[in-house]
Amino acid sequence: MSYTPRGALTPNRALADLTWLRVGGPADWLFQPADEEDLAAFLAALPADVAVFPMGVGSNLIVRDGGIRAVVIRLGRGFNGIRVEGGQVFAGAAALDAHVARKAAEAGRDLTFLRTIPGSIGGAVRMNAGCYGQYVADRLESVRVITRNGEARSLKAAELAMQYRQTTLPDGWVIVEAVFNAPQGEPAALAARMDEQLAKRDASQPTKDRTAGSTFRNPAGFSSTGRADDVHDLKAWSVIDAAGMRGATRGGAQMSPMHANFLVNTGGASAADLEGLGEEVRKRVFQNSGITLEWEIMRLGEAAPSQD
């Protein structure tokens, strides 16, 4: 490779400590670019046959035990700026969703739905994250990306074809900044709403455990609205419950007794334990209700080599 990056490039880097579930083998390389120019030059010089995986804070990810045959790109301090200009909020891809919601609220701008979404802005955009009936797609104006060949581009939200928990961003493209259109709100009222959302989340979800947020997408094809009239028959937790899998275990993995759609590492789980339990849940739900659950957690990499 002809380019010497200014950021940190680490070979054979274990990824378990970089994911919320604390599992997974090593990446062939981990690259933490210094800034956008460093990232662009690195990708431009990287051979085209080398796979690239942009990783956020690992909040929605199972890295398999054998690791990832790719360059994993993890954005850090040079990519976490947040600024508010008029009705627009500019957020670096590494900025935490919760921080963006808080900063916006302080400036009298409403992105409160981001407050309880785990992870960073890059992942929230890529997955069109949402809760309480609002999604990134509802507020996203544009994103800046670095393409796999190192070109900087700006894309309108419409170009991402955003749907429930998915976008069409090509593999290896790295989101570096997102621009949101945020309606006006009174800072104290916005802060109070976020406090209420946090209390509701903490009362119903295992926020103190090692989880990766919701494990499976809701079969209904939309997030919980948080309203009193919300129906539960096509919620992932409800069909998992009905299949008798709340609290089910495999090795150190468990479906949370508190919220049946949360996969928990109770300590010492392998990625194989977690993914295996998830697949068992999918099988049982299908047998019980005919519904095929789709993973919301991204699973990536290779299984550990077998011991026999």
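**Chat about a predicted model**

Reader: Leave out neighbours within four places in sequence. What is Asp273 in contact with?
Author: In this predicted model, Asp273 touches Arg250, Gly251, Gly252, Ala253 and Gly268.

Reader: Where is Asp273 found?
Author: Asp273 belongs to helix H7, residues 271-289.

Reader: Buried or exposed, and how far away is the nearest side chain of opposite charge?
Author: Asp273 is buried. The nearest side chain of opposite charge is Arg250, 6.1 Å away. Asp273 has no salt bridge. The cut-off for one is 4 Å, between a side-chain nitrogen of Lys or Arg and a carboxyl oxygen of Asp or Glu.

Reader: New topic. How many aromatic pairs?
Author: The count is two. One of them joins Phe216 and Trp295, with ring centres 5.0 Å apart. Their planes are at 50°, so this pair is tilted.

Reader: Where do Phe216 and Trp295 sit in the chain?
Author: They are 79 residues apart, and the pair links distant parts of the chain. Phe216 lies in the loop between strand S13 (210-214) and helix H6 (236-242). Trp295 lies in the loop between H7 and strand S17 (298-300).

Reader: And what relative accessible area does Phe216 have?
Author: 1%, so Phe216 is buried. Trp295 is buried too, with 8%.

Reader: What sits over the ring of Phe90?
Author: The charged end of Arg83, 4.1 Å from the ring centre.

Reader: Zoom out. How many helices and strands?
Author: Seven helices and 17 strands.

Reader: What radius of gyration does the chain have?
Author: 20 Å. A compact globule with 308 residues would be near 19 Å, so the value agrees. Buried residues make up 50% of the chain.

Methods. Residues are numbered from 1 along each chain as its sequence is written. This is a predicted model: local features need pLDDT of at least 70, side-chain atom pairs count only at pLDDT 80 or more; totals for chains, interfaces and linings use all residues. Side-chain values use heavy atoms; hydrogens and water are left out. Helices (H or I, at least four residues) and strands (E, at least two) are DSSP runs, numbered from the N terminus. Buried means under 20% relative accessible area, exposed over 50%, partly exposed in between (1.4 Å probe, protein chains only). Lys and Arg count as positive and Asp and Glu as negative; His and the chain ends are not counted. Contact means heavy atoms within 4.5 Å. Rings of Phe, Tyr and Trp (its six-membered ring) pair if their centres lie within 6.5 Å; planes under 30 degrees apart count as stacked, over 60 as edge-to-face and the rest as tilted. A charge sits over a ring if NZ of Lys or CZ of Arg is within 6 Å of the ring centre and within 35 degrees of the ring normal. The radius of gyration is taken over C-alpha atoms; the globule rule is 2.2 Å times the number of residues to the power 0.38.
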